[in-house]
Amino acid sequence: MRIPVAAASVIAAVLAGWWLAAHFAAERKLASLQPLPGRGSYSITLDFAPERFHQQRMQEAGRLVEVRDRTVYLMDVTPKSLHAIAGEYWVDKVARWEGK
Amino acid sequence: MTSLVLPVPPSRRLFAGRWGKVLRGASGVLLLLAAWQVSVPLVGLSAYFYPAPSDVVASFADLMRKGILPVYFADSMVRYGAGLLAGALLGVAMGVLIGLHRTVAITLSPLLKFLFAIVEVAWIPIFVVWFGYGFKTIVLALVYVVFFPVLYNTLLGVRTAPQILVNALRSLGASRLQVLRYAILPSALPGIITGLRVGAGFAFRGLVFAEIVAAKTGIGYLIFEGTQTQQTARTIVGMIVMGLTWLAIDLCFLRPVERATIQRWGLTVDAEQRA
């Protein structure tokens, strides 16, 4: 039973590492935006033009208003959702947005 | 007594043993990949019809960079794990119940045989109507797939438990629960694990189909979406990920657990003991 235990440990370590990396990445990307309001509007810039997958992911976080080039504009985003989005490694930059 | 040991030629030693097996397997895969890559310019079709291995590698890198593959993979594995666990628990519970109670067996047998004949593919559209797209429908489909192999193998294990052990325990005053715990379940365990391994394989195939029909994420969906968006290389990435994941699950979990279970719990009698 050494192999299953070792494999499960590796999986657990990868998941923990992934979670930690996402947490610290979010902290870093949101550092300049602190303190976060209850609900806010943000522009999320990616390293590439967002695909349907990324837009769906953003829609889970808030109200998707517009997609322009590599940037997605969101409204009604809670701090928790913003933290989750900012933790994604494919998110390059998060900035406040005045909204429409 | 002296024995004559002939030296093994070096060429044979290189491909002998466990690593030799791995090397031979890897060389076969490499040969196939090389033939595939070379054939692409000869065939002269676009990447949509016939992508090269280099296109597939590029597509894999792209899916990783965009964070699509990790999320799809995680979603698929969560669904697979939940379906496998629930299906196995249900299969074992029903297998033990039917194996131990004649009345239950007579009552449920026709229904189970009837349901066994209906493949999970036929259920998925109804599950979609009842539970909508997503997690519930996919997990239910997987439970259905895993349930039957686990049930029938558990049933076989329970019914072939050595009667001598059951009688011995009963004569010593063991309760029904103790007989189940110390005689029936240990002897049924190899059967349960075999059923689980078979069910796990079926569920893995079922997962792809369920995700094609009832999901907007997952490796099955990636396979489907790839062809829909004319990104055939993505479809192939999905297929390769499925294949490799199954190999890893089998190698790291199913096979070692099966081996350990048979050694530790399987009330097996080997040929030497029989003699």
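Predicted model: local features only at pLDDT ≥ 70, side-chain atom pairs only at ≥ 80, totals over all residues.
Residues are numbered from 1 along each chain as its sequence is written, chains are lettered from A and ligands numbered from 1 in the order in which they are written, and side-chain values use heavy atoms, with hydrogens and water left out.

Let me stay with chain B as a whole. Of its 275 residues, 39% are buried, where buried means under 20% relative accessible area, exposed means over 50%, and partly exposed lies in between, with a 1.4 Å probe and protein chains only. The chain exposes about 16400 Å², and carbon and sulfur atoms supply 70% of that area, which comes from the Shrake-Rupley method with a 1.4 Å probe, where for residues only the protein chains shown count as cover. If we take contacts, meaning heavy atoms within 4.5 Å, between residues of chain B at least 6 apart in sequence, then 71% of them join residues at least 24 apart.

One helix is worth looking at by itself. Which residues of α10(B) are buried? Helix α10 covers residues 219–228 of chain B, and seven of its ten residues are buried, namely Ile219(B), Gly220(B), Tyr221(B), Leu222(B), Ile223(B), Glu225(B) and Gly226(B). After α10(B) comes Gln230(B), which has a positive phi, near 60°.

Now to charged side chains. A salt bridge here is a side-chain nitrogen of Lys or Arg within 4 Å of a carboxyl oxygen of Asp or Glu, and the whole structure holds 13 of them over all chains. In chain B, Asp250(B) and Arg197(B) form one, at 3.0 Å from N to O, and this pair links distant parts of the chain, since Asp250(B) lies in helix α11 (residues 232–264) and Arg197(B) in helix α9 (residues 176–214), 53 residues apart. Arg197(B) also forms a salt bridge with Glu258(B), at 2.5 Å from N to O, and here the two residues are 61 apart, with Glu258(B) again in helix α11 of chain B. Asp250(B), for its part, has a further salt bridge with Arg255(B), at 3.4 Å. As for their cover, Asp250(B) counts as buried at 9% relative accessibility and Glu258(B) counts as buried at 14%, whereas Arg197(B) is partly exposed at 25% and Arg255(B) is partly exposed at 35%.

Let us turn to where the two chains meet. In all, 19 residues of chain B are in contact with 16 residues of chain A. Together the chains bury about 1400 Å², 63% of it on carbon and sulfur atoms, buried area being the accessible area (1.4 Å probe) that two parts lose on being put together, summed over both. Arg65(B), Lys66(B) and Phe253(B) supply 33% of the area that chain B buries against chain A, more than any other three residues. There are two salt bridges between chain B and chain A, and Arg234(B) forms a salt bridge with Glu51(A), with the closest N and O atoms 2.8 Å apart.

Finally, chain A. Its open sheet of four strands has the order β2-β3-β1-β4, with antiparallel pairing, and two strands pair if DSSP finds at least two bridges between them. Why is one side of β2 and of β4 left without a neighbour in the sheet? Strands β2 (63–68) and β4 (91–96) of chain A stand at the edges, so each has a single partner strand. Five bridges join β2(A) to the antiparallel strand β3 (residues 71–77), and among the partners in β3(A), Thr71(A) pairs with Arg68(A), while Leu74(A) pairs with Leu64(A). The two strands form a hairpin with two residues between them, and in its turn Asp69(A) has a positive phi of about 50°.
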